[in-house]
Amino acid sequence: SLSNFPAICKTEEFLQLPKDIVVQLLSHEELETEDERLVYEAALNWINYDLEKRHCSLPELLRTVRLALLPAIFLMENVSTEELINAQAKSKELVDEAIRCKLRILQNDGVVNSPCARPRKTSHALFLLGGQTFMCDKLYLVDQKAKEIIPKADIPSPRKEFSACAIGCKVYITGGRGSENGVSKDVWVYDTVHEEWSKAAPMLIARFGHGSA
């Protein structure tokens, strides 16, 4: 069930599970999901299935969601405005804490150790990006199980002839030629867990057509 969570969380059987089992499942370190929105939506769907009896369990369910792993726009526009959450002080406090953690992540403000920002288990991923003869700002994830190519967040600055490599859960792109065909010192970092781009310190020397590993 941990590896098949994306399918299981949408079933009637999941919605009928007792609270203790749902909490154990959603908080499990081995839960496999590449999109934390599935966990958040599963928690809310379980609550709403029997709202009168389950609404008081919302804070406990929200603690199982790695809220700071949600995309920033989703966290601000969907989660922070959810009426069910704002009606409960404890639930709202959890979301406010997640927003503070998310801002620190986006600003590269040190290591964020909050439980709401702890990465979940993910499978190996293959990303496609870049171009040699034309400017490109696209990033794609190859989903080998579903046999699909999924668009991800665009590279903030279109470029060509740059280099890319991965360290842990982050993809680094360096240099290349920018929109005015000038050689760049830029370093951009894509966080595959939080699905966010951020700009890192530039290289000392502008480069293009180079390699990295």
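## A buried ring

Trp197 counts as buried, because its relative accessibility is 13%. Buried means under 20% relative accessible area, exposed means over 50%, and partly exposed lies in between (1.4 Å probe, protein chains only).

This is a predicted model: local features need pLDDT of at least 70, and side-chain atom pairs count only at pLDDT 80 or more, while totals for chains, interfaces and linings use all residues. Residues are numbered from 1 along each chain as its sequence is written, and side-chain values use heavy atoms, leaving out hydrogens and water.

## Aromatic pairs

A search of the whole structure turns up three aromatic pairs. Phe127 and Tyr190 form one of them, and this pair is edge-to-face. Their centres are 6.0 Å apart, with 70 degrees between the planes. Phe127 belongs to strand β1 (residues 126-129) and Tyr190 to strand β6 (residues 187-191), so the pair ties together parts 63 residues apart in sequence. Phe127 and Tyr190 are both buried. Tyr190 also pairs with Trp197, and that pair is tilted: 5.1 Å centre to centre, 45 degrees between the planes.

Phe127, Tyr190 and Trp197 form one aromatic cluster. Tyr190 counts as buried because its relative accessibility is 1%. The rule for a pair is that ring centres of Phe, Tyr and Trp (its six-membered ring) lie within 6.5 Å; planes under 30 degrees apart are stacked, over 60 edge-to-face, and the rest tilted.

## Charges over rings

Arg54 lies over the face of Trp46, 3.9 Å from the ring centre. The charged end of Arg177 sits over the ring of Phe208, at 3.8 Å from its centre. Here NZ of Lys or CZ of Arg must be within 6 Å of the ring centre and within 35 degrees of the ring normal.

## The sheet

Four strands make an open sheet in the order β4-β5-β6-β7, with antiparallel pairing. β4 (163-167) and β7 (196-199) stand at the edges with a single partner strand each, so one side of each has no neighbour in the sheet. From one strand to the next, the twist averages 25 degrees. Axes are lines fitted to C-alpha atoms, for helices over the stretch in contact, and angles run from 0 to 180 degrees between N-to-C directions.

How many bridges join strand β5 to β6? Five bridges join β5 (residues 170-174) to β6, and the two run antiparallel. Ile173 has Trp188 in β6 as its bridge partner. Strands pair if DSSP finds at least two bridges between them. Strands (E, at least two residues) and helices (H or I, at least four) are DSSP runs, numbered from the N terminus.

## Two cores

The largest nonpolar core has 37 residues. Phe5, Phe14, Leu26, Tyr40, Leu61, Leu67 and Val79 touch the most other members. Helices that each supply at least two residues include α3 (19-27), α4 (36-49) and α9 (89-106). α4 gives the most, with eight residues. A second, separate core has ten residues, including Phe127, Phe162, Ile173 and Trp197. Such a core is a set of buried Ala, Val, Leu, Ile, Met, Phe, Trp, Tyr and Cys residues joined through side-chain atoms within 4.5 Å.

## Two glutamates

Glu161 is found in the loop between β3 (148-151) and β4. Its phi is near 55 degrees, a positive value in a residue other than glycine.

Glu93 lies in helix α9. Is Glu93 buried or exposed? Glu93 is exposed, with a relative accessible area of 54%. Glu93 and Gly130 are 37 residues apart in sequence and 41 Å apart in space, C-alpha to C-alpha.
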